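Morning, everyone. I have one structure to walk through today, and I will keep it brisk.

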Amino acid sequence: MKIEDNLTTNDGKKVLSAKQGKVLDEKKLNKTDVKDDLTSTDTDKPLSAKQGKVLDAKKDTKTDD
């Protein structure tokens, strides 16, 4: 089996090297980083899907006549 040392391949028959596995692990999203409230001031943290739904429900649907 061939080992791939980059993340740009589409070859499903190759496995990633340990080095690339570490790169992916370092880039993964930590659950503790997800914000599940609308009062956070963190601009570099993702918002939970639950709070995205809350915002979607609150958005202004009025139109100017």
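Ser 17 sits in the loop between strand 2, residues 15-16, and helix 1, residues 18-27.

Before going further, a word on confidence. This is a predicted model. The mean pLDDT of the protein chain is 82. Of its residues, 91% reach 70 or more. Confidence is lowest in strand 1, residues 3-4, at a mean of 72. It is highest in helix 2, residues 49-58, at 88. Please keep strand 1 in mind, with that mean of 72.

Back to Ser 17. Is Ser 17 buried or exposed? Its relative accessibility is 13%, so Ser 17 counts as buried. The cut-off for buried is under 20%. What does Ser 17 touch, leaving out residues up to four places away in sequence? The answer is Ile 3, Glu 4 and Asp 5. Take Asp 5 from that list. Ser 17 and Asp 5 are 12 residues apart along the chain. Their C-alpha atoms are separated by 5.3 Å.

Next, helix 1. Leu 24 lies in this helix. At 41% relative accessibility, Leu 24 counts as partly exposed.

Now the charges. How many salt bridges does a search of the whole structure find? Five.

Pair one is Lys 28 with Asp 25. The closest N and O atoms are 3.2 Å apart. Asp 25 is partly exposed, because its relative accessibility is 46%.

Pair two is Lys 45 with Asp 33. Their side chains meet at 3.6 Å, N to O. This pair links distant parts of the chain, 12 residues apart. Both partners are in the loop between helix 1 and helix 2. Lys 45 has a relative accessible area of 31%, so it is partly exposed. Asp 33, at 24%, also counts as partly exposed.

Where is Asp 42 placed? In the loop between helix 1 and helix 2. Asp 42 has a relative accessible area of 36%, which means partly exposed. Lys 35 is partly exposed too, with 22%.

How far apart in space are Gly 21 and Asp 42, C-alpha to C-alpha? They are 28 Å apart. In sequence, 21 residues separate them.

Last stop, Ser 48. This serine has its place in the loop between helix 1 and helix 2. Why does Ser 48 count as buried? Because its relative accessible area is 11%, and buried means under 20%. Which side chain does the Ser 48 side chain meet in a polar contact? That of Asp 36, at 2.6 Å. Leaving out residues up to four places away in sequence, Ser 48 touches Val 34, Lys 35 and Asp 36. Note Lys 35 in that list.

Ser 17 is buried at 13% and touches Ile 3, Glu 4 and Asp 5. Ser 48 is buried at 11%, with its side chain in a polar contact with Asp 36. Thank you.

Definitions and conventions: Residues are numbered from 1 along each chain as its sequence is written. This is a predicted model: local features need pLDDT of at least 70, side-chain atom pairs count only at pLDDT 80 or more; totals for chains, interfaces and linings use all residues. Side-chain values use heavy atoms; hydrogens and water are left out. Helices (H or I, at least four residues) and strands (E, at least two) are DSSP runs, numbered from the N terminus. Buried means under 20% relative accessible area, exposed over 50%, partly exposed in between (1.4 Å probe, protein chains only). Contact means heavy atoms within 4.5 Å. pLDDT is the predictor's confidence in each residue, from 0 to 100. A polar contact is a pair of N or O atoms within 3.5 Å; within protein, one must be able to donate a hydrogen and the other to accept it, and residues adjacent in sequence count only if both atoms are side-chain atoms. A salt bridge is a side-chain nitrogen of Lys or Arg within 4 Å of a carboxyl oxygen of Asp or Glu.
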